[in-house]
Amino acid sequence: MSQPSLFFITGKGGVGKSTTAALIAKHHANLGKRVLLVEIGDSSYYSMLFKKPIAFDPVEVSSNLFVSHWQWFRCLKEYVTHVIKIETVTNLFFENAVMKSIIQVAPGLPEIALLGKFTSSIRHVGPSMPYDIVVMDAHSTGHALSMLRAPKGLFETIGFGPLGDHSKGIHDTMMDSELVKYITVCLPEELPVTETVEFTETLKTEFKIESEVWLNKVLPIQADAETIDQWQETAATDDVKKAANYIQGQVQKQKTSFEILEKTDRLHKIIYYRSLDGEAINWLSNLEKESKDV
Ligand SMILES: Nc1ncnc2c1ncn2[C@@H]1O[C@H](COP(=O)(O)OP(=O)(O)OP(=O)(O)O)[C@@H](O)[C@H]1O
Ligand SMILES: [Mg+2]
């Protein structure tokens, strides 16, 4: 198996990062690729979505699609075990009280441990990860920036030695657009759009990273503005009028969001709103069928 392609999915809290990451993972699994979908938060969203316990060791939730929940401490321990080779020695290292407190407060270590595992196959470090594609459902925007800054921070501080070299390797991999694809998820609402424009611009200026923007939860409204105006004028009851008002507001917000995002040239895909009824796998397949390129 050649080196995997990595997908890093971020966006403002609650915009649909986990859903989009799962959608991308399912898409590639359908194409016959062996895919690992990784979540890194405190709790597991995918356990709920796929109705299966998801932990550190990957679980196959549908053909070719494996899901894993990484805790940074576990990633670090796995890496150290791999370097030291003897688990009992690693345990001594991690269970030492002084070592434990150093590890807990070292700045950027959690982020580096997670990105270290994410990029490990490409850097040929650590246990093998036999996947064609690894999709990370990453932190939301602010925290994602800290995550991307962490390896550089460490190698600039340390400068030499194995930890410095590893941090540099992680940084160089994350900055390589041939290896890592960045997707920022957004909603057709004012705040997420503003945050997305600022965030993607920061990625570009600070890291030279070009991120695609995927606009999620777009209402698939076919009616044009004139028809919606007519609905409002001819609404027979207050409820219908309210519904027409809501749709009109939503259509306007969507239009403004498209206009702002299109100017940045980063808007690549639209995912429509579709309520989750039944199996998550079917839901993802339907979301994929209905999503469209911009
Ligand atoms: N296109 C969609 N249609 C319908 N529901 C959606 C869609 N995208 C996401 N959702 C729902 O919206 C909620 C938030 O989505 P999701 O959990 O993917 O967001 P998130 O950005 O990962 O959130 P968090 O920041 O909390 O991790 C979930 O309940 C999800 O099922
Ligand atoms: Mg999430």
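Trainee: Which residues in H6 are buried?

Mentor: This is a predicted model, so keep that in mind throughout. In H6, the buried residues are Pro110, Glu111, Ile112, Ala113, Leu114, Leu115, Gly116, Lys117 and Phe118.

Trainee: Why is H6 largely enclosed by the rest of the structure?

Mentor: Helix H6 covers residues 109-118, and nine of its ten residues are buried, so the rest of the structure largely encloses it.

Trainee: Let me step back. What does the secondary structure of the protein come to?

Mentor: There are 13 helices and nine strands. The C-alpha trace spans about 75 × 40 × 35 Å along its principal axes. Of the 294 residues, 35% are buried. Take the contacts between residues at least 6 apart in sequence: 68% of them join residues at least 24 apart.

Trainee: Now the sheet. In what order do the strands come?

Mentor: The general idea comes before the case. Strands of a sheet pair through backbone hydrogen bonds, either parallel or antiparallel. Here nine strands form an open sheet, ordered S3-S4-S2-S5-S1-S6-S7-S8-S9, with mixed pairing. Strand S3 (59-62) and strand S9 (292-293) stand at the edges; each has a single partner strand, so one side of each lacks a neighbour in the sheet.

Trainee: Which helix packs on the sheet, touching strand S7 and strand S8?

Mentor: Helix H12, residues 238-264. H12 touches strand S7 (212-218) and strand S8 (267-272), and its direction makes about 175° with that of S7.

Trainee: How many bridges join strand S1 to strand S5?

Mentor: Five, and the two strands run parallel. S1 is residues 5-11 and S5 is residues 133-137. Phe7 stands opposite Val135 in S5. Leu6 has Val134 of S5 as its bridge partner.

Trainee: In which sense do strand S2 and S5 pair?

Mentor: In the parallel sense, over five bridges. S2 is residues 35-39. Leu37 has Val135 in S5 as its bridge partner.

Trainee: Which residues point one way from S5, and which the other way?

Mentor: In a regular strand the side chains alternate between the two faces of the sheet. From S5, Ile133, Val135 and Asp137 point one way, while Val134 and Met136 point the other way. S5 is mostly covered, with five of its five residues buried.

Trainee: Next, helix pairs. At roughly what angle do the axes of helix H8 and helix H9 cross?

Mentor: Two packed helices are described by the angle between their axes and the distance between the axes. For H8 (residues 141-158) and H9 (residues 161-174), the axes cross at roughly 145° and come within 8 Å. The crossing of H8 past H9 is left-handed.

Trainee: Which residues in H8 meet which residues in H9?

Mentor: From H8 come Leu148, Pro151, Lys152, Leu154, Phe155 and Ile158. They meet Gly161, Leu163, Gly164, Ser167, Lys168, Ile170, His171 and Met174 in H9. By class, this contact of H8 with H9 has eight nonpolar, four polar and two charged residues.

Trainee: How many residues surround ligand 1?

Mentor: 18, and the closest are Gly13, Gly16, Lys17, Ser18 and Thr19. Helix H1 (17-30) and S7 are the elements that give two or more residues to this shell. H1 gives the most, with three residues. The shell divides into six nonpolar, nine polar and three charged residues.

Trainee: Now the backbone. What phi does Asn64 have?

Mentor: Most residues other than glycine have a negative phi, and most peptide bonds are trans. Asn64 has a positive phi of about 75° although it is not a glycine. Asn64 lies in the loop between S3 and strand S4 (65-69). Asn64 is partly exposed, as 19 other C-beta atoms lie within 10 Å.

Trainee: And His124: buried or exposed?

Mentor: Exposed, with 9 C-beta neighbours inside 10 Å. His124 is not a glycine, yet its phi is positive, about 55°. Find His124 in the loop between helix H7 (120-123) and S5.

Trainee: One last pair. How many residues apart along the chain are Ser285 and Leu23?

Mentor: 262, yet their C-alpha atoms are separated by 7.6 Å. Ser285 is found in helix H13, residues 280-290. Ser285 is partly exposed, with 16 other C-beta atoms within 10 Å.

Technical notes: Residues numbered from 1 in each chain as written. Chains lettered and ligands numbered in written order. Predicted model: local features only at pLDDT ≥ 70, side-chain atom pairs only at ≥ 80, totals over all residues. Pairing = 2+ DSSP bridges. Helix = DSSP H or I, 4+ residues; strand = E, 2+ residues; numbered from the N terminus. Contact = placed C-beta atoms within 7 Å. Axes fitted to C-alpha atoms, helices over the stretch in contact; angles between N-to-C directions. Buried ≥ 20, exposed ≤ 12 C-beta atoms within 10 Å, placed from the backbone. Near = placed C-beta within 6 Å. Nonpolar A, V, L, I, M, F, W, Y, C, P; charged D, E, K, R; others polar. Left-handed = near helix turned anticlockwise from the far one by under 90°.
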